[in-house]
Number of protein chains: 2
Amino acid sequence: MKHLNKIAYIIVLCFLWQSSLHAQTIEKIAPGVWKVSFGTPEKFKPSEFKDAPALDAMKQLQDNEKPPFDLAEIKFKTIQRGCVAELTMDESEQIYGFGLQNNTFQQRGFRKEIRVNSWSTGNVGFSHAPVPFYVSTKGYGVLVNTSRYATFYCGTMRKATESVNIKEGGNASVASSTLDLYKPLEKPSNSMIIEVPFEKGMEIYVFEGPTTKEAIQRYNLYSGGGCMVPAWGLGVKYRGKGDYTDVKAEKLASYFRKNNMPCDMFGLEPGWHSVAYSCSFVWKPSLFPNPDRFIQRMDSMGFKLNLWEHAFTFPTSPLFDPLKDKSGDFSVWKGLVPDFVDPEARKIFGDYHEKTFINKGITAFKLDECDAADYKDAAAQWSFPEMSVFPSGIDGEQMHQLYGVLYQKTLLDVFNRQNKRTFFDVRSSQAFASPYPASLYSDMYDHREFVRMISNSGFSGLVWSPEIRETKSDADLIRRTQSGVLSAQLLFNSWYLNNPPWLQYDYEKNNRDEFLPNAKQLESQVRKLLELRMSLIPYLYSAFATYHFEGIPPFRALVVDFPNDSAVYKIDDEYLIGESLLAAPFIDGTSKRSVYFPAGTWYDFNTDQKYEGGKHYAIEMSLDQIPLFVKEGTILPLAKPIQYITPNTVFEITCHTYGNSCKPSTLFEDNSYTLDYQKDQFNKISLEWNGKKETVTKKGNYPGNSYNVVGWVKH
Amino acid sequence: MKHLNKIAYIIVLCFLWQSSLHAQTIEKIAPGVWKVSFGTPEKFKPSEFKDAPALDAMKQLQDNEKPPFDLAEIKFKTIQRGCVAELTMDESEQIYGFGLQNNTFQQRGFRKEIRVNSWSTGNVGFSHAPVPFYVSTKGYGVLVNTSRYATFYCGTMRKATESVNIKEGGNASVASSTLDLYKPLEKPSNSMIIEVPFEKGMEIYVFEGPTTKEAIQRYNLYSGGGCMVPAWGLGVKYRGKGDYTDVKAEKLASYFRKNNMPCDMFGLEPGWHSVAYSCSFVWKPSLFPNPDRFIQRMDSMGFKLNLWEHAFTFPTSPLFDPLKDKSGDFSVWKGLVPDFVDPEARKIFGDYHEKTFINKGITAFKLDECDAADYKDAAAQWSFPEMSVFPSGIDGEQMHQLYGVLYQKTLLDVFNRQNKRTFFDVRSSQAFASPYPASLYSDMYDHREFVRMISNSGFSGLVWSPEIRETKSDADLIRRTQSGVLSAQLLFNSWYLNNPPWLQYDYEKNNRDEFLPNAKQLESQVRKLLELRMSLIPYLYSAFATYHFEGIPPFRALVVDFPNDSAVYKIDDEYLIGESLLAAPFIDGTSKRSVYFPAGTWYDFNTDQKYEGGKHYAIEMSLDQIPLFVKEGTILPLAKPIQYITPNTVFEITCHTYGNSCKPSTLFEDNSYTLDYQKDQFNKISLEWNGKKETVTKKGNYPGNSYNVVGWVKH
């Protein structure tokens, strides 16, 4: 961070809290970003592994040149358990973030333990991707730069001293139901208390707004900018059954093509490994006798291949010996746990993947099991223990927190040096992960939670796929597919199904090849949804470019854009997509729901019916209608659906305008297979309609052509 | 522990583990009990607050004069997270204990985090009463003397070094169901790894057997011996609705007497406090205008009164000012958290209770909320945070673990000095709690788990009430009541019901005084069960005396008595009561179940049908039959049911003999209202029948008479 010295200044402050004298250091480390340090620094901080900040982009954001609150007012202390910080909130502040939370949305009033765990046991903050970062509606963000299981008491606890003067009140009425009894009896506290265990110091990054959205932008840009996914990563991904042979996979692939079901990516599940369920990283000859030929055949049908793996390296793997002395002291499923903190271990692992898979045409990986599962029943053996020791010196707790990010980094480094874009599936992530082109997924499967996770993902630089697996009804299949279409990655995970779920969603019948009586009708309904997804790719791709260059999350809760509208503070079942789409998924096969619209006028994507902002509406939609709304003043570029994307794809774009005049809209154009955008090899295509005239203007250095605007439709 | 010097010897050993040189100290601290110390001792160890060991009783146990395994083989190390110990188990060892576990029974293969929490979130070891103590079928017990959230990896994790030589295997077949995939792929490890966080040392107590039962006995005796409950504590307890006035409570009390429903104890729920739901410890004048008169009236009907409270002291309480400087730095429900580590705080709290309640005739308390509820949704405010600081220096985590025990100690000290026996309800307990006359209860309500908790309670010196509350069917009410009858405390908790559940178990109808059409029939069925309970009191009372004097838990899993019968290793839905009864509760209203009988011949208590040990039987019982079995060779003393117990109660005993000749049986006799048994003021009445002759022999110094043997019945 030497290049930041010029903007860094240091203030040393003395601090008195509970009779202890402590000093904290305040340093401005980037435009609108301050680092507050206290005590002995933590050794394995997330920042050690982060990308360089996108400083030029950060400079474009408004910068008040002063912190969003008085950083000297943060109180720190050390106790035997670790280090504690206390910040003060206003009465009215709402708090969001902490990564991929599935149970809660507005976090004030909760105790959040930011701990990686594949099951969100107990609604206490555990997550695949827990991020020690939160944003406030007051327009700032706070990141604790820790790889420990930090706990955030978000206004839950009151000091005893605050009680001294209470002389009346309490619950004078007599409760005789649990609900009454346990009604919160306290006025919520204004303290945000943060505990980092085992450390005698803490580093807090404070991100200025001045708005909530800008605080998030600053966090993403400081992380290195939002991820640039390949356009094909925004197409349809299908993961086939775990015991597929090459022949079966190819057969399914040709089913897609013959039936005009769009699909870009095909994923192989554990069975491709010669040994699983720890990993050999070697093809299983009985299922895949000729991997090169298989890859070539799939490629010829337009499928990118994605291989499932986790990092736990089985003794028969060629990676075992090289990693033997570069792994943790405990095994998982008999496999080594590579010490990805060590650049040498990352190199060994990455080089092997490059040589064996990436050079052969594998375009992506599914990085499984890099979250822990300590809090799920008997799953104690699904990960290394917290008291593990690794050669680099990191311990198991810290490694749990960072493993997802380090694993992504290990393989992404290879793609980056090859100037290839990829799009991972990944089970865990943490702080500063915004630049990683990876979509989180889960073994959990609650549709309502999945939608909440879309809303929450945008607060912390994460990308989330609410994957589609089993179901019990046509309606649930369609509604879940709609949510997939309206998410960052549309993923069908059929790892235990012989056939696509739309042909038969009953597990046993599916695997006996017994199809639903209305299989063809469902297939047709799903096809329409996949085609809609393909139509949306140019819009989504541009939204991801905005994520990269400006830090605005492509999928985000309404409160990000409307922090002053208190009606949206608890809305976690609607979210924004890109600049001007609003999604309000129907859950559990229902066809009715209430939708709140924020400021503006909104058009039903299906019918053009208009809704006024600031109100709730009871909305009913058939299964053929998608719960998507377009803001008045939008130019929505929709592509003619194609089956899959190639380097030569040119999208035929129809511009849909909503309202009498529109804001200009931008299409981002580049070689979406490479990282050439980093060398300014991209174009911005401005679509304009002022109510009278349609204009398409291309600016930039990229010589290619991905879009042809073929028409305009007025709504 | 000065009196132990004569038997103490010290061995200092040097130890090498993972390149660190460490010393551990081994000391024999009581007959068959060794203390292994490593590193810097923990400051607030459970042992600091324990009773003196029952050394004389311990000397009666067989003592090999050498530890059950080589204590020098325990490997210790410190890491940044704390301190780690590693013990080795045999392949075949089964592990039990860890306090009041509700989800699991045999603990080998599980990761157990011994953390107090009122909801057992995630099945990872959390419990109301987590005890860092386990016993092995190999015949020893291990206690970690810690008030930290210790984690026990019970053979779950394998060292990476153990994987190096694996060159074949793994899961060669391809899984395509989650079940197959996650089937434990590892051979279980033989390591018991224990992590104590935040401490740079560890103290481990090892209890010799040579049998599992003797290891448990030694633990209980070292704790001070099992609790002596008053005989009335074994009667029926009923907790009335939270908003009862004195008039309503008295009305219900007279319902019991008029309808001959046995009941000894009546509990008042939060409404009696002038302020709740933090506590004022002052009667609410609008509900109880004349507490003295109320106590007297209830006493005149033969009811002992038990008052609900928790320790969180509301600002308007007379206890607030005296405790203000002797409490933690955070409030709970606006109330102070008294620092019960400080003897002065305990004295203030105890003295107030003595003067205000105990001297006025209150015989017991229900000590609620002394467990934490951190892992239940939004319940972060239900307890003080782990990073709390208390004036004594203890922190919130340690206080969470010890609060239940310290709270019991605070009030028990008063009863002890008054030479009065009591029987608390309590929500939390921990190590060395065997001498506390307190029965745990829970907000959880799964009948199957409740029965498992009976089985588990006996491993760690705990007493457990599977309380009866709401239900949805006659059968469930009866089956739950049966389990209550066959537990340490028979407790109906009707804190939200206007009327007893057997008159109406529907919450809303009950509170509208609308009774079931078959209310009288159900009442009659319940009456029979309450009468059976009253009949069992002499047997149970003697079993508690055995608990006190010999350390044998009155309620315990089959494996305690039959550690060599592998068929019982997983049986947690049957348990032993006293010396020779076996209970096998019917769950969820069912009338059929499989029952396994260990060695011996067993008689159905209802029908005298015989079952041979070593086999499983499919058994069916009507709701009028209780799932209780008597071992052949038993003399079971049954009392003529009475309505309640007084200091003058004399039980009329009929001795039931099972089989052609019997082992002698003992009735314990003393003044069950006082602690005079500690001064040898008790009798043992030996009941004998050798197949020919019946003999009743009383020995001892107690001048009173509690039993008249009036008859013998041969089965």
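Colleague: Let's start with strand E18 of chain B, residues 364–367. Which of its residues sit on each side?

Modeller: Ala364(B) and Lys366(B) are on one side, and Phe365(B) and Leu367(B) are on the other. This is a predicted model. In it, those residues are all buried, and both faces of E18(B) are covered.

Colleague: Why do the residues fall on two sides like that?

Modeller: In a regular strand, side chains alternate between the two faces of the sheet.

Colleague: Which way does strand E16 of chain B run against E18(B), and over how many bridges?

Modeller: Strand E16 (residues 304–309) and E18(B) run parallel, joined by four bridges. Leu307(B) stands opposite Phe365(B) there.

Colleague: And strand E19 of chain B? How many bridges join it to E18(B)?

Modeller: Two bridges, and that pair also runs parallel. E19 covers residues 424–426. Leu367(B) has Val426(B) as its bridge partner.

Colleague: Switching to helix H9 of chain B, residues 447–457. Enclosed or open?

Modeller: Largely enclosed by the rest of the structure, because eight of the 11 residues are buried. The buried stretch includes Phe450(B), Val451(B), Met453(B) and Ile454(B). Arg452(B) and Asn456(B) are buried as well.

Colleague: What covers those buried residues of H9(B)?

Modeller: The cover includes helix H10 (474–485), strand E22 (555–557) and strand E23 (575–577), all of chain B.

Colleague: Staying in chain B, there's an open sheet of five strands. What's the order?

Modeller: E4-E5-E12-E10-E7, with antiparallel pairing. E4 (75–79) and E7 (111–114) stand at the edges. Each has a single partner strand, so one side of each is left without a neighbour in the sheet. The twist averages 15° from one strand to the next.

Colleague: Zoom in on E5 and E12 of chain B. How many bridges?

Modeller: Seven, in the antiparallel sense. E5 is residues 82–88 and E12 is residues 191–197. One of the bridges pairs Val84(B) with Glu195(B) in E12(B).

Colleague: Over to chain A, then. What order do the strands take in the open sheet of six?

Modeller: E22-E23-E24-E29-E26-E27, again antiparallel. The edges are E22 (555–557) and E27 (610–612). Each pairs with a single strand, so one side of each has no neighbour in the sheet. Here the twist averages 35° from one strand to the next.

Colleague: What about E24 and E29 of chain A? How many bridges join them?

Modeller: Three, antiparallel, between residues 581–583 and residues 628–631. Leu582(A) stands opposite Phe629(A).

Colleague: Let's zoom out. How many helices and strands does chain A have?

Modeller: It has 13 helices and 35 strands. The domain assignment gives domain 1 (2–161 + 183–223), domain 2 (231–538), domain 3 (555–630) and domain 4 (635–714). The C-alpha centres of domains 3 and 4 of chain A lie 25 Å apart.

Colleague: How does the radius of gyration of chain A fit a compact globule?

Modeller: It agrees. With 715 residues, a compact globule would have a radius of gyration near 27 Å, and chain A has 25 Å. Its C-alpha trace spans about 75 × 70 × 65 Å along the principal axes. Of the 715 residues, 61% count as buried.

Colleague: And the contacts in chain A? What share join residues at least 24 apart?

Modeller: 71%, counting contacts between residues at least 6 apart in sequence.

Colleague: Now the largest nonpolar core. Which residues touch the most other members?

Modeller: Ile194, Ile204 and Val206, in both chain A and chain B. That core has 421 residues. Helix H12 (residues 519–550) of chain A gives the most to it, with 16 residues.

Colleague: What is Ile204(B) in contact with, beyond its close neighbours in sequence?

Modeller: Val36(B), Ile74(B), Ala85(B), Val142(B) and Val144(B), leaving aside neighbours within four places.

Colleague: Last one. Tyr149(A): buried or exposed?

Modeller: Buried, because 24 other C-beta atoms lie within 10 Å and the cut-off is 20 or more. Tyr149(A) is in the loop between strand E9 (140–144) and strand E10 (150–154) of chain A.

Colleague: What does Tyr149(A) contact away from its neighbours in sequence?

Modeller: Glu113(A), Ile114(A), Arg115(A), Pro197(A) and Glu397(A), once neighbours within four places are set aside.

Terms used. Residues are numbered from 1 along each chain as its sequence is written. Chains are lettered from A and ligands numbered from 1 in the order in which they are written. This is a predicted model: local features need pLDDT of at least 70, side-chain atom pairs count only at pLDDT 80 or more; totals for chains, interfaces and linings use all residues. Two strands pair if DSSP finds at least two bridges between them. Axes are lines fitted to C-alpha atoms, for helices over the stretch in contact, and angles run from 0 to 180 degrees between N-to-C directions. Domain bounds come from an automatic or database domain assignment. The radius of gyration is taken over C-alpha atoms; the globule rule is 2.2 Å times the number of residues to the power 0.38. A residue is buried if 20 or more other C-beta atoms lie within 10 Å of its own, exposed if 12 or fewer, and partly exposed in between; C-beta atoms are placed from the backbone. Two residues are in contact if their C-beta atoms, placed from the backbone, lie within 7 Å. A nonpolar core is a set of buried Ala, Val, Leu, Ile, Met, Phe, Trp, Tyr and Cys residues joined through C-beta atoms within 7 Å.
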